[in-house]
Amino acid sequence: MALPMRFDTKYGLSNMRDKKAGKKLSVRDIVLLGMMVCSLEVGKLALAMIPNVEIVSLMIIVYTVCFGVKTIYAIIVFVLLECVFWGVGLWTIMYLYVWPILGIAAYFFRKIDSKWFWSVFSAIFGLLFGPLCSLTYLVMGGLKVAFGWWIAGIPWDLVHCVANFVVMFVLYSPLVRLLRRFGRFDGEIDKM
């Protein structure tokens with residue numbers, strides 16, 4: 001039995017059951033997610049030459065603030081693309097939980113629209129990145145290996161902390177304004 005179709009001026013041709021369920025991705029959502037994944041990957045590659053300076057944290061936070069839960073799809077595809085480009089290793093396991101943790105944590109605070117808040121939030125994430133990643137080594141090599149890996153990385157975690165703060169402080173407001181200006185922030189995409 002064919003489902004009734006209607007033309008929605010905001011989303012184009014759509015299946016009425018999909019709108020009622022609110023759980024499926026529309027074509028608009030898929031395009032948006034593709035743009036998010038592309039910008040995450042290009043942003044990461046653009047700054048790959050500078051150790052622990054990245055804009056992936058910034059973009060995951062901004063996307064979560066603007067687009068809500070559906071950002072998790074972009075995070076998953078981003079991690080899968082990283083595996084395709086760089087191969088699979090222990091870092092893959094880390095990425096499978098570290099980036100979603102950031103997205104989920106940002107989701108709980110998404111109503112706060114303060115560059116100061118998000119700059120401190122991002123800086124704390126930069127400090128926690130090393131300890132979070134060391135959890136993989138805890139399982140693989142034990143407490144001594146995980147602790148040694150984390151301690152050896154503290155200077156880089158400090159760089160990550162400062163870089164995240166500065167990048168977020170400078171780019172958070174312009175990016176959120178840009179996404180809202182171009183009609184990407186309509187509230188509907190967040191209703192999953």
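In what follows, Ala, Val, Leu, Ile, Met, Phe, Trp, Tyr, Cys and Pro count as nonpolar, Asp, Glu, Lys and Arg as charged, and the others, Gly among them, as polar. The model is predicted, so that local features need pLDDT of at least 70 and side-chain atom pairs count only at pLDDT 80 or more, while totals for chains, interfaces and linings use all residues. Residues are numbered from 1 along each chain as its sequence is written, and side-chain values use heavy atoms, with hydrogens and water left out.

The lining of the largest pocket divides into 14 nonpolar, four polar and three charged residues. Of these 21 lining residues, N52, E54, Y95, F129 and H160 lie nearest the centre of the pocket. A pocket here is an open set of points on a 1 Å grid over the protein atoms alone, where a 1.4 Å probe fits, with protein on both sides within 12 Å along at least five of seven lines, and lining residues have an atom within 4 Å of a point. Helices are DSSP runs (H or I, at least four residues) numbered from the N terminus, and α5 gives the most to this lining, with four residues.

| Helix | Residues | Supplied to the lining |
|---|---|---|
| α5 | 90-108 | at least two residues |
| α6 | 115-141 | at least two residues |
| α8 | 154-181 | at least two residues |

Elsewhere, L32, M36, S39, L40, G43 and K44 in α2 meet V56, M59, I60, Y63 and F67 in α3, contact meaning heavy atoms within 4.5 Å. The residues of this contact divide into eight nonpolar, two polar and one charged.
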